[in-house]
Amino acid sequence: MIGGLGPESTIDYYRFIVARYRARKPDAGYPHVILDSLDVDKGIALLEAGRLADLADYLAASVDLLARAGADFGFIAANTPHLVFDEVQRRSAIPLLSIVRATADRVKARGLKRLGLFGTGFTMRANFYPEELQRAGVALVRPKDEEQEFIHRKYIDELLHNQFLPESRTAILRIAQRMKNEDGIEAVILAGTELPLLLRDASDPGIEFLDTTVIHVEAIVDRLLS
């Protein structure tokens, strides 16, 4: 697992992987997980500077470390690094399980056709989710520009620092409800692995959220048990 992107969601991943693995195969012991925890602040700085080649180098070095430690496959416990996923996979000695591909597969299996997208500004502006979902016949709707900026700032300034404030939850739920009413979306992809930590326990959110952490973990455990 390439984690630390950010630390809180990495903890979430680890707990879910162990719990889901044990639930599906109670007598199989515990999964062997190798974690390389990277510096999320360094990753954000590279993104803000537009240094995608350096970000790819940073992630590829982590994958190489995991491969040399004996990992059979790897995954990045985050959405935004998929800006350079194809390049990192090209350079990797082991297969990588994509959170974006796993989410698209789940959406296709559910028969959903029109979805919203929440995440960092880097993710909401990027093409990797729209392109992947388009292949599955799904339309993706982004929040308005000012809503994207609001979500991004909450993500960077609060969620990545382990701050999950009720007023931020309320405001983001309001954006989701507006998109349901005005844009006709069926659900929102939480394409930022800290967002579920803020929204997962929201009472009666008024719209379905697709938790990419949980979806990715299912794909990871499938692979572990295959």
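## Charges and ground rules

What you're looking at is a predicted model, in which local features need pLDDT of at least 70, side-chain atom pairs count only at pLDDT 80 or more, and totals for chains, interfaces and linings use all residues. Residues are numbered from 1 along each chain as its sequence is written, and side-chain values use heavy atoms, with hydrogens and water left out.

## The overall picture

The protein has 11 helices and eight strands; these are DSSP runs numbered from the N terminus, with helices being H or I of at least four residues and strands E of at least two. Its radius of gyration is 17 Å, close to the 17 Å that the globule rule gives for 226 residues, so the protein is as compact as a globular protein of that length. (The radius is taken over C-alpha atoms, and the rule is 2.2 Å times the number of residues to the power 0.38.) Along its principal axes, the C-alpha trace spans about 50 × 45 × 35 Å.

How much of the protein is buried? Of the 226 residues, 52% count as buried, where buried means under 20% relative accessible area, exposed means over 50%, and partly exposed is in between (1.4 Å probe, protein chains only). The protein exposes about 10,500 Å², with carbon and sulfur atoms supplying 47% of that; the areas come from the Shrake-Rupley method with a 1.4 Å probe, and for residues only the protein chains shown count as cover. As for contacts (heavy atoms within 4.5 Å), take those between residues at least 6 apart in sequence: 72% of them join residues at least 24 apart.

## Inside the cores

In soluble globular proteins, nonpolar side chains tend to be buried together. A nonpolar core here is a set of buried Ala, Val, Leu, Ile, Met, Phe, Trp, Tyr and Cys residues joined through side-chain atoms within 4.5 Å. The largest one has 44 residues, and Ile 2, Leu 5, Leu 59, Phe 118, Val 188 and Phe 209 touch the most other members. Elements giving two or more residues to this core include α2 (40–48), α4 (85–91) and β7 (187–190), but the largest share, six residues, comes from α3.

The peptide bond from Leu 5 to Gly 6 is cis, with omega near 0°. Gly 6 sits in the loop between β1 (2–3) and α1 (7–24).

Then there's Asn 162, which has a positive phi of about 60° although it isn't a glycine. You'll find Asn 162 in the loop between α8 (145–157) and α9 (166–183), and it counts as partly exposed at 43% relative accessibility.

Ala 69 is in the loop between α3 and β3 (74–75) and is partly exposed, at 47% relative accessibility. Ala 69 and Leu 35 are 34 residues apart in sequence and 10.0 Å apart in space, C-alpha to C-alpha. Over in helix α9, Thr 170 is partly exposed too, with a relative accessible area of 39%.

Gly 184 lies in the loop between α9 and β7 and is partly exposed at 40%. Leaving aside neighbours within four places in sequence, Gly 184 is in contact with Arg 114 and Met 179. Gly 184 and Val 214 are 30 residues apart in sequence and 25 Å apart in space, C-alpha to C-alpha.
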